[in-house]
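Dear colleague,

Please find the structure below for your records. My notes on it follow directly after.

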Amino acid sequence: MNTIKNLHPTNKKWWHDKVAYQIYPKSFLDTNGDGIGDFQGIIEKLDYIKETGFNAIWMNPCFDSPFGDAGYDVRDYKKAAARYGTNDDLKQLFDECHKRGMHILLDLVPGHTSVEHEWFKKACEDPDGKYGNFFYITDRKEGEKLPCNWRSYFGGPVWEPLPGHPDKQYLHVFHKKQPDL
């Protein structure tokens with residue numbers, strides 16, 4: 001019965017009738033000749049994407065990142081990755097999608113940052129301070145068991161020594177350059 005209830009028109013959500021085209025910006029259309037796809041390349045192909053029956057774009061990470069993990073290691077959530085264009089280019093992409101009645105979804109994982117993110121740098125300066133509390137930071141003693149036996153998706157333990165503090169460690173479920181919040 002729950003399935004039938006969920007199909008009722010009053011339960012319909014905006015995304016129920018969307019067909020999304022996934023775009024990894026780096027491998028999409030390069031318009032400036034640097035060998036890397038960019039926002040302008042996506043804009044250039046929006047009409048084609050719409051004509052082929054898609055009404056939404058799901059775009060892989062596009063924010064400022066050192067790209068240790070394809071952009072999922074975000075350095076600055078308020079800044080577009082320069083390799084893809086500027087914040088103005090990204091805004092133009094949103095505007096052009098909306099002009100065509102298309103939606104755009106940004107692939108973003110807010111559960112971790114980059115080791116180059118301002119918060120993590122501040123946590124490294126003062127692990128017991130405000131920003132240290134943003135991350136999973138624990139005490140570390142050489143030869144002592146780790147807090148858990150979890151393995152990182154990139155291999156090895158999920159615990160890494162905190163830069164500048166050999167007596168502390170931080171959690172990273174993915175790449176060691178992606179501390180978990």
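How many bridges join β2 to strand β5, and in which sense do they run, parallel or antiparallel? Four bridges join β2 to β5 (residues 103-106), and the two run parallel. Ala56 stands opposite His103 in β5.

This is a predicted model, in which local features need pLDDT of at least 70, side-chain atom pairs count only at pLDDT 80 or more, and totals for chains, interfaces and linings use all residues. Residues are numbered from 1 along each chain as its sequence is written, and side-chain values use heavy atoms, with hydrogens and water left out.

Strand β2 (residues 56-59) also pairs with strand β1 (residues 20-23), in the parallel sense and over four bridges; pairing requires that DSSP finds at least two bridges between the strands. Here Gln22 stands opposite Trp58 in β2. Helices (H or I, at least four residues) and strands (E, at least two) are DSSP runs, numbered from the N terminus.

In helix α5 (residues 118-125), the residues Phe120, Ala123 and Cys124 are buried, that is, under 20% relative accessible area with a 1.4 Å probe, protein chains only. They cover an arc of only 100° around the axis, which puts them on the same side of α5; the arc is that of the directions from the helix axis to the C-beta atoms. The buried residues of α5 pack against β6 (137-139), β7 (159-162) and β8 (165-171), where contact means heavy atoms within 4.5 Å.

Finally, Asp89 is found in helix α4 (residues 87-99). Leaving aside residues up to four places away in sequence, Asp89 touches Phe39, Gln40 and Ile43.

With kind regards

Key. Buried < 20%, exposed > 50% of the residue type's maximum accessible area, 1.4 Å probe, protein only.
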